[in-house]
Every structure is written in structure tokens, then in C-alpha cells.
Amino acid sequence: MSVLPVPPSPILLLDLAAEHALLQPTLGEALREVLDLAAFIQGPAVGQFATELGEYLGGAHVVPCANGTDALTLALMSLELPAGAEIIIPAFTYVATLEAAALLGLRPVLVDVRPDTFNIDPAAVEAALTPRTGAIIAVHLFGQCADLEALRTISTRHGVALIEDNAQAIGATFRFTNGETSFAGTVGSVGTTSFFPSKNLGGLGDGGALLTHDQARAALLRQLANHGQSQKYHHQRIGLNSRLDTLQAALLRVKLPQLPHNTAARQAVAARYDAALAAVPGLAIPARDPRSSHVFHQYTIQLAETSRRDDLQNHLRRLGVPTMIYYPLPVHAQPAYAYLGYRPGQFPVAERLCDAVLSLPIHPLLTEEQQEYIIGGISAFFGS
Ligand SMILES: *Cc1c(COP(=O)(O)O)cnc(C)c1O
């Protein structure tokens, strides 16, 4: 039996324990302050965090809520669409994007994505528009903006709201042809994000937020997220109980200043993968849209021969290299969404991606040595 090589140090997909250890005294202090003040719901840290995140995102209004899925639900609620209105959604996304629409009695209308960027295909969006279309949801998958130029044009031309699911691309920017540069999540009518611990800006539990430059919409969202009330016990609308805990806001205030540095560290890891893997036959490195920055929530390669994808994953697992498949099934193949009536073969790009993609370890503390080891394992697999 041959002896397998071992990594220079244990390789993780994400090393939150180590990231938090570096912030230990400040996180502990934030926790203690929340304990002392005992204002666990809507305490001062919530508003402070919203202001600070808004400043980071170019002056957007930030409305915190309980999680990224609620943010999508609240975004759709704020549009006050008629029952059964159609919501155009990419077929290659996390299920939450669909779930929010379905729960509200709106009709998810799936469209295919671009094979290079994984993001919603604007031509497919245009083809899916009907008089019943209520909104388009763009997902900035893996950390790179969808084609916001084309999507904004479609949204304006047809008077259909654009929602940006920005759970994976906080801090990414998009440059429009008119020279304007905007933060992901602040271009459409409303953007949503998640502070799930593994996101680029993660809390120590669930959390989420809505982003918008529209002050009136921010006020409406704030009301909807708090039982539809603007004044205690006076309810203008049917809302949700969806608030960011004071504790999470206080911890996120500690983590937010690390975001630019962490993003740069992820980008450096991605650049090293790019350089080492671009010439490996049999795989494609993630395509970059020159108009968008990429914050690399995931570094996702595609295998030319989809039949070898699981072999590569197993090969790397044996070497002590964890990888993930985001996502193994397109949303229209999920039993919960069978009622939408889609058939296999309807979204060929999304379906192929589910068989071809593999996300490699990428996080701010991944060392060059660890990365060399991962790259060596991949190169050995392809015999290059
Ligand atoms: C994580 C995620 C969500 C949901 O966020 P939660 O905070 O887990 O509810 C929604 N959309 C996308 C694309 C995500 O990655």
C-alpha cells in the first residue's frame, strides 16, 4: 500500500475558529457590552452596524433582519405584488432565492445562467418576461456580479423591479458603461444579503440585511421586518418578526473592518489558483467579467469531462483536501419545486454546471504552502 502525502497543516474550506481567535479580545469585549446593557433586541449596536455597513457600501441604506432568506422575503413583500405574480430567478442558485417567492404565493419562473460566469443570462430574462412578471432576482453567485448593466436596462425598460441576492458578493463592485461604479446589492430596487457564518461577512449565528439607495423603501422594509409597525402596537402592514439580534450586530461590528483585508486575501488566493490552474487541461478556472470585481466567496472550477468530477473530489479528499459542490442539483430538480412543472433538459447550462463544478478551499487564512499542496494534488490528477 502506498503512503498518501499529507498536507503541510490541516486544510479547511473555511477556518472560522482561527479567524475568530485573531479577533478574540475585541469579540469578547463586544459580547460583554451586550451582556451589560441587556438590550438584546434592537439595541444600539444594530443601528450602529447598519450605519457602518451602509458607509462601506457607498452610502446605501441598510435594514438589518434575521437572515438572508428573510431578506429576500421582505424584499419581495416590499414590492406589494399581486398573488401569482411571476418572479424570474436563475436556475443555478441556492434554494433560498426560490423559497422566498414560493412562500409568498408568487410564481418562480426559472431561467438559465451563463456557462462562463454562472450568473443569470440577461437574454433568457428578456425571453421570460410576460405581463405578469413582478420582479427579476439576480444572484451574484460565488462573489461576482451578474450582468447588472443588461439587467438594469431590462428592469428600467419594462418597469419590472430588480432584486439583487447579494448573499455571496458583499463588497463586490460593478462598473457601468457610463463610468459609474456601484456596490453589488445597491443597483436594483432592493438588494439582500446574509451574515450566515460562512459568508464573506459572517456573524456568529444567523443574520441578514436589505440594501437600497431609496429612503422610502428602506422605511417600508424596516416596518415590514418588525411586524409591520413603525410605532409600537400600531401595525400598518402584515409584517415579519425578522430582526438582527443586538449580539450579532455587536459581533458584526468587530468583523466588518476586517472585510476589505479578507476580500484582498481571498483575491490573492484566487490569483494563485488562476496562475497555477489556467493551463491544466481538463478544467476551466472561473471566468471573470471585466466590469465586476470578484470577492471570491467561492473559487469554482469546471471539469470538461463531468464524469471525472466526483473522482477528482475523492482524489482530493484522500489527500486531505476538502472541496464542495455548489450546487449538486439545479433548483427545478428539487422535489419541493416539482409543482412548477419543469422537465430535465429545460435548463441545460444549469444542469451541466451541477455536474461540472467543484469549489476549492478559499479563505483569508489559507497559506501559500497549503495552496501549493492543493494545486499539486489537482495537477497530479490531470497528469499535468
Ligand atoms: C446564503 C444564501 C442565502 C440565504 O441566506 P441565509 O442567511 O442562510 O438565510 C440566499 N441566497 C444565497 C445565494 C445564499 O448564498
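Guide: Begin with a single side chain. This is a predicted model, and in it R114 has a relative accessible area of 34%, so R114 is classed as partly exposed.

Visitor: Is D116 buried or exposed, or in between?

Guide: D116 is partly exposed, because its relative accessibility is 32%. The side chains of R114 and D116 form a salt bridge, with 3.4 Å from N to O.

Visitor: What makes that contact count as a salt bridge?

Guide: The nitrogen of a Lys or Arg side chain has to be within 4 Å of a carboxyl oxygen of Asp or Glu. The N to O distance of 3.4 Å for R114 and D116 is therefore counted.

Visitor: How many salt bridges does a search of the whole structure find?

Guide: The search returns eleven. One of the pairs is E52 with R253, whose side chains meet at 2.6 Å, N to O. This pair links distant parts of the chain: E52 belongs to helix 3 (residues 44-56) and R253 to helix 9 (residues 246-255), 201 residues apart.

Visitor: Why are E52 and R253 classed as partly exposed?

Guide: The class of partly exposed runs between the limits for buried, under 20%, and exposed, over 50%. E52 has 26% relative accessibility and so falls in that class; R253, at 31%, does as well.

Visitor: Which parts of the chain does the pair of E368 and R272 tie together?

Guide: First the contact: the side chains of E368 and R272 meet in a salt bridge of 3.7 Å, N to O. E368 is in helix 13 (residues 368-382) and R272 is in helix 10 (residues 259-277), so the pair ties together parts 96 residues apart in sequence. As for accessibility, E368 counts as exposed because its value is 52%, whereas R272 is partly exposed at 25%.

Visitor: Which residues are linked in a network of salt bridges?

Guide: D147, D289 and R291 are linked in this way.

Visitor: Now the nonpolar side chains. Which residues make a nonpolar surface patch?

Guide: To be part of a patch, a residue needs over 30% relative accessible area and no salt bridge. Here L31, L35, F40 and I41 make a nonpolar surface patch of about 370 Å². Take L31 as the worked case: this residue lies in helix 2 (residues 24-37), and its relative accessibility of 38% makes it partly exposed.

Note on methods: Residues are numbered from 1 along each chain as its sequence is written. This is a predicted model: local features need pLDDT of at least 70, side-chain atom pairs count only at pLDDT 80 or more; totals for chains, interfaces and linings use all residues. Side-chain values use heavy atoms; hydrogens and water are left out. Helices (H or I, at least four residues) and strands (E, at least two) are DSSP runs, numbered from the N terminus. Buried means under 20% relative accessible area, exposed over 50%, partly exposed in between (1.4 Å probe, protein chains only). Patches are made of residues with over 30% relative accessible area and no salt bridge: like charges are joined within 9 Å, nonpolar side chains (Val, Leu, Ile, Met, Phe, Trp, Tyr) within 5 Å. Accessible areas come from the Shrake-Rupley method with a 1.4 Å probe; for residues, only the protein chains shown count as cover.
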